[in-house]
Amino acid sequence: MVIGVDVGGGDRLALAVLVQYRMATTEQVHWVIAPGVRIEQTRRRLARLREEGLIDRITLPQAGRRRVWFPTAYGVRLACEWPELRGRRPSRAVSDPTAVRLKVGHALTVTETALAFLKDARRRGDVCRPLDWMTEVHHPIGNGEAVILCFRFDDVTPPWSVGRVGPSAGNRPAWGRLPVMFGQACAVGGLAPHDELLLWRDHDGGGGVIVVGVVHRLADPEGAWEVVEALPHQRLRPGVRSYRGTRLETGLPRRRLEVPGAWVTVMLGFSEAIRLAPVGHTGPPIALTSLVSGLQTRAAVGEHDGHLAALEVVLAPWTAFRLLGVPMGELAGRHLRLDDVVGARAHRLGEALAALPSWRRRFSLLDAALVAALADARPHSPRVEWAWRRIARNAGAISIPHLAAEVGWSMRQLEKRFQEQIGLTPKAVARVARLGRALRLLTDGYPPAHVAAVCGYYDQPHLNLDFRTMTGSTPRAFLAARQSPVASPPMADRVAGQITSAPMAHPVISA
């Protein structure tokens with residue numbers, strides 16, 4: 001029970017807004033929920049929510065000691081059960097003050113852009129409630145600028161708008177409606193020269209759910225490449241995290257170091273095989289066209305000859321447990337032929353996808369196939385998912401015995417359930433989550449000593465040792481590989497918000 005909080009009125013709305021927007025200043029919250037009253041009322045609401053442990057705040061000394069509010073993990077869990085937020089994508093809210101400080105500049109700019117859409121709708125006289133707008137896609141375009149796509153949850157047409165943020169707009173959001181016909185790709189001014197935003201309404205997959213993709217294309221004398229990133233059907237999220245279609249015809253061999261991450265990858269290939277080998281493996285690599293990779297604790301090297309056509313699906317491990325129908329411990333640390341795991345249906349799906357003429361139709365078919373598969377799949381344990389999320393949100397900095405007590409299991413029970421439905425023990429999952437946080441901080445330019453302290457390593461040598469054990473590289477060598485000029489086409493990380501790989505110009509990355 002939440003004492004002293006008006007859960008039926010403005011306090012509830014303030015928490016819901018912070019969960020949806022992830023973080024906001026006092027002034028931003030006030031403008032969203034109650035612009036017609038004195039701001040002191042909003043300050044009191046936020047103070048009450050903080051007293052109950054539902055939200056927290058940081059202070060920005062460089063901005064006149066402005067306060068930035070964000071939901072705690074407890075606040076996110078509570079609000080996501082409310083009808084007004086149920087059925088939407090779960091929040092990727094940041095609940096750690098240190099992480100908030102690292103993301104605050106980007107997050108507040110995104111929030112300010114969403115408010116620009118809200119203000120415009122109100123100025124036009126539209127009925128536009130505080131939770132109607134959500135920032136859905138943030139697409140960097142270089143030089144400190146980005147295109148932000150916002151989605152409106154009511155039945156307006158079109159429900160998508162595009163905003164641009166960055167120095168060219170005086171560090172204030174420049175924005176506008178996007179008059180787009182669904183089912184068509186549309187170029188947006190300011191994206192990379194050959195990029196597009198792809199939007200459509202999937203009338204066949206559940207009553208007009210919106211899907212959005214980003215298309216990256218490049219053609220030069222050395223060949224052509226196309227990468228399309230898209231969100232799965234809303235009924236599949238968050239367990240099915242993303243789709244990524246790739247078509248390369250460059251003739252240039254490519255090698256990448258793929259680091260461990262908290263996701264399961266399924267790849268349906270339409271052309272030549274890729275070759276995979278764990279770091280340190282002395283034998284020949286395995287060649288796979290369609291594959292599944294379970295959770296890993298060590299990096300792998302992937303390579304191909306420059307000809308590749310494939311569709312990649314990134315899954316949360318508990319959803320992979322349901323879809324694949326096998327204990328996830330059998331997949332952990334392995335890369336296997338998809339047919340060997342799920343049988344001939346994988347081959348039939350791959351052939352059907354390859355026969356379709358567009359990525360839009362492939363994504364729609366994949367949506368339908370996965371929705372149908374999950375409808376008949378065995379359930380996973382909600383307690384396993386909750387414990388996994390606790391580890392992820394704390395970036396591995398959590399006591400596993402305490403976690404077991406929180407879910408009401410013994411340590412042995414928790415480990416057994418994790419190995420069945422996640423693939424690794426809770427301790428190993430925490431180690432992978434800690435590495436993920438360290439990779440993000442190192443890539444953002446923080447010194448290794450600082451990263452070691454923030455991420456819970458004993459010291460910098462401990463970070464270096466664990467990093468080398470899990471990736472086969474030192475932090476310095478990995479960052480150098482990420483920044484090195486490797487033959488085109490450039491390839492982004494496979495999972496949004498995560499550092500997943502580094503290009504390799506030579507057989508190994510050495511210190």
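The crossing of helix 8 and helix 9 is right-handed, a label used when the near helix is turned clockwise from the far one by less than a right angle, with anticlockwise giving left-handed. Helices here are DSSP runs of H or I with at least four residues, strands are E runs of at least two, and both are numbered from the N terminus. The two axes, of residues 344-355 and residues 359-375, come within 9 Å and cross at roughly 155 degrees. Axes are lines fitted to C-alpha atoms, for helices over the stretch in contact, with angles from 0 to 180 degrees between N-to-C directions. Helix 8 and helix 9 are therefore roughly antiparallel to each other; that word covers angles over 145 degrees, while under 35 is roughly parallel, 65 to 115 roughly perpendicular and the rest oblique.

Leu349, Ala352, Leu353 and Ala354 of helix 8 make the contact with Arg362, Leu365, Leu366 and Ala369 of helix 9, where contact means heavy atoms within 4.5 Å. Sorted by class, seven of these residues are nonpolar, none polar and one charged. Ala, Val, Leu, Ile, Met, Phe, Trp, Tyr, Cys and Pro count as nonpolar, Asp, Glu, Lys and Arg as charged, and the others, Gly among them, as polar.

A word on what you are looking at: this is a predicted model, in which local features need pLDDT of at least 70 and side-chain atom pairs pLDDT 80 or more, while totals for chains, interfaces and linings use all residues. Residues are numbered from 1 along each chain as its sequence is written, and side-chain values use heavy atoms, leaving out hydrogens and water.

Zooming out, the protein chain has 16 helices and 21 strands. Of its 511 residues, 52% count as buried, meaning under 20% relative accessible area, with exposed over 50% and partly exposed in between (1.4 Å probe, protein chains only). Among contacts with a separation of 6 or more, 61% join residues 24 or more positions apart.

Now for the cores. A nonpolar core is a set of buried Ala, Val, Leu, Ile, Met, Phe, Trp, Tyr and Cys residues joined through side-chain atoms within 4.5 Å. In the largest one, of 74 residues, Val292, Val313, Ile391, Leu414 and Phe418 touch the most other members. Helix 13 (residues 426-443) supplies the largest share of this core, ten residues. Another core, of 24 residues, lies apart from it and includes Tyr21, Ile55, Leu85 and Leu118. Beyond four places in sequence, the contacts of Ile391 include Phe418, Pro426, Val429 and Ala433.

Helix 2 (residues 26-33) is largely enclosed by the rest of the structure, because six of its eight residues are buried. Those six are Thr26, Gln28, Val29, His30, Val32 and Ile33.

Gly269 belongs to strand 14 (residues 264-269) and is buried at 15% relative accessibility. Not counting residues up to four places away in sequence, Gly269 touches Thr289, Ser290, Ala309 and Ala310. Gly269 and Leu353 are 84 residues apart in sequence and 9.4 Å apart in space, C-alpha to C-alpha.

Finally, the peptide bond from Arg237 to Pro238 is cis, with omega near 5 degrees. Pro238 sits in the loop between strand 11 (223-230) and strand 12 (240-249).
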